[in-house]
Amino acid sequence: MSFYVTTPIYYVNAQPHLGHAYTTIAVDVLARHMRQRGEDVFFLTGTDEHGEPVADAARAQGLQPKDLADRNAERFKALMPRLNASNDFFIRTSDEEHKVRVQAVLQRVHDNGHTYKGLYEGWYCPRCADFKVENEILEGNRCPIHEIPLERHKEENWFFRLSTFQEPLERLYADRPDFVMPAHHFNEARSFIGSGLQDVSLTRARLQWGVSVPWDPGHVFYVWFDALLNYYTALGYARPGEDLTERFWPANYHIIGKDILKFHTVFWPALLMAAELPVPHHVFVHGFLLGADGRKMSKSLGNVLDPFEVMAEYGTDALRFYLMRDVAFGGDGAVGMDSVRSRYDTELANEYGNLASRTIAMVLRYRDGMIPRTDTDAVLAREFDGLATRVSALLDRAEATQALELIWQRVRRLNRYVEERAPWQLAKDPGAAGALDQTLASLAEGLRVISVLLHPYMPSSTQRLLDALGVPQVAFNGADFAGQGGGGSVVALEPLFPKRV
Ligand code: MSP
């Protein structure tokens, strides 16, 4: 089965920050999990480079837009390996191959009669690159997101007949209750559609930094249409000489933040319908990361969590774990260095890391490094029954935090098991050799299973541990707790999550 998953493409007028890291990590967890299951995965990310915000930022720095885009796209590209993201391609909307494909799709939309020329007047936020409707504008004509003054814009544009898709969209939502997830965002999108759709402007006459409109070359496409189409165009040229569209279209999941819900749950499916292309299976909308004080993160409030700082101090896996663990995926959540520290100390260092070190140390000490080949503890094994199936069912619905919680309950269970069995006591009693064998084999097996399950979240530490256990495979069909353990040999392991002083 194919599995195509995407992040939003990030604006190059800003530096990579925690929000970008968050969505990218979540998508990486899903992509890695599906690869473990042997699915044919394509994970796309990239940069959104056209439009007014980028043109304005370039002008302010005395640069050409393309130069600014080149410089900042590199920063986003470099972020991916830092996060250990396994993206299969990195699209830039300034790619020529993207632009010609955008033109082809939108020409079809035009030829199908879904456009017309008209006069647009409205309140426009240059940071959102979006017109605001009257009822969302803040007092003093300010942007509801950026709180900056809106600009009054009037221009002759090509329009996309979004209003004619009201009924097809309503049908889509009626037929596919999981088109948008989680449910509260489905309801939000549906009620937005239900409240009546207005046509939207498709082109800009005043701007040059964009994809030019083939049937009216004085215009460029409104950046959002150019941007949304990245999900489609990338498949056409990500692999030179090969078109992946048949294999991967439509996407299984577009993962986005709730700030861009309207574009992905209303404009995007309508645009695809207008171009006679299949719509995605799901759009999953996650919440906002907030400052530790529960307010929007902002430099001036001093409540920004810097992903690079977290990675420098605790490592990439710790950042990945923390973000998937501490904020329920799909909701909003406050994040901060204090809670990173406490999750690291209590969960990563004490619970998982310590379990790993103890288990390996005991196998080395008591059994010369050989995991005893014997039956595992049937009671413990039962507590792992069905775990892998439940984890994969949750990840099928992109419930990354819930799946992690299920796995973590077993990490805690294994720690209790060590205490219950007290292998250091068994080791003193020659008559308890069988019990000690079983305890060590069961611990090693439990540790192997949770590490396979945790692999998408923390690819490098889990791999180190699995290597030390002598069982490097991470394939998902090995995620069941075996009735018979052992036989392999372990090697000493440096602490996975060293205690910090
Ligand atoms: N370029 C558009 C998206 C086009 S997709 C066809 C854009 N770019 S962005 O750089 O502003 O990135 C927005 C995305 O970054 C959000 O949708 C979300 O995925 C992520 N986040 C940015 N800030 C965030 C938080 N504070 N919290 C969580 N995610 C955030 O919009």
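Author: A salt bridge is a side-chain nitrogen of Lys or Arg within 4 Å of a carboxyl oxygen of Asp or Glu. The model is a predicted one, in which local features need pLDDT of at least 70, side-chain atom pairs count only at pLDDT 80 or more, and totals for chains, interfaces and linings use all residues. Residues are numbered from 1 along each chain as its sequence is written, and side-chain values use heavy atoms, with hydrogens and water left out.

Reader: Which residue forms a salt bridge with Glu 419?

Author: Side chains of opposite charge can pair when their charged atoms come close. The closest N and O atoms of the pair with Glu 419 are 2.9 Å apart, and the partner is Arg 358. The pair links distant parts of the chain, 61 residues apart: Glu 419 is in helix 16 (residues 400-421), and in helix 13 (residues 337-367) lies Arg 358. Helices here are DSSP runs of H or I with at least four residues, strands are runs of E with at least two, and both are numbered from the N terminus.

Reader: How many salt bridges does a search of the whole structure find?

Author: The pair of Glu 419 and Arg 358 is a salt bridge. A search of the whole structure gives a total of 31.

Reader: Into which domains is the chain divided?

Author: The bounds come from an automatic or database domain assignment. The C-alpha centres of the two domains lie 41 Å apart. The division is into domain 1 (2-286) and domain 2 (336-478).

Reader: What area do domain 1 and domain 2 bury between them?

Author: Buried area is the accessible area (1.4 Å probe) that two parts lose on being put together, summed over both. Of the area between the domains, 65% is on carbon and sulfur atoms. The value is about 1300 Å².

Reader: Which three residues supply 44% of the area that domain 1 buries against domain 2?

Author: These three supply more than any other three residues of domain 1. They are Val 29, His 33 and Gln 36.

Reader: Which residue forms a salt bridge with Asp 396?

Author: The count between domain 1 and domain 2 is 1 salt bridge. In the pair with Asp 396, the closest N and O atoms are 3.0 Å apart. The partner of Asp 396 is Arg 37.

Reader: Which helix gives the most to the side of domain 1 that touches domain 2?

Author: That helix contributes 6 residues and spans residues 18-36. The element is helix 1.

Reader: Why does the radius of gyration of the chain agree with a compact globule?

Author: The radius is taken over C-alpha atoms, and the globule rule is 2.2 Å times the number of residues to the power 0.38. With 501 residues, a compact globule would have a radius near 23 Å, which agrees with that of the chain, 26 Å.

Reader: Where is the proline that a cis peptide bond joins to Met 181?

Author: The bond joins Met 181 and Pro 182, with omega about -10°. Pro 182 is found in the loop between strand 8 (180-181) and helix 6 (183-194).

Reader: Which non-glycine residue has a positive phi of about 60°?

Author: The residue is found in the loop between helix 3 (65-82) and strand 4 (89-92). It is Asn 84.
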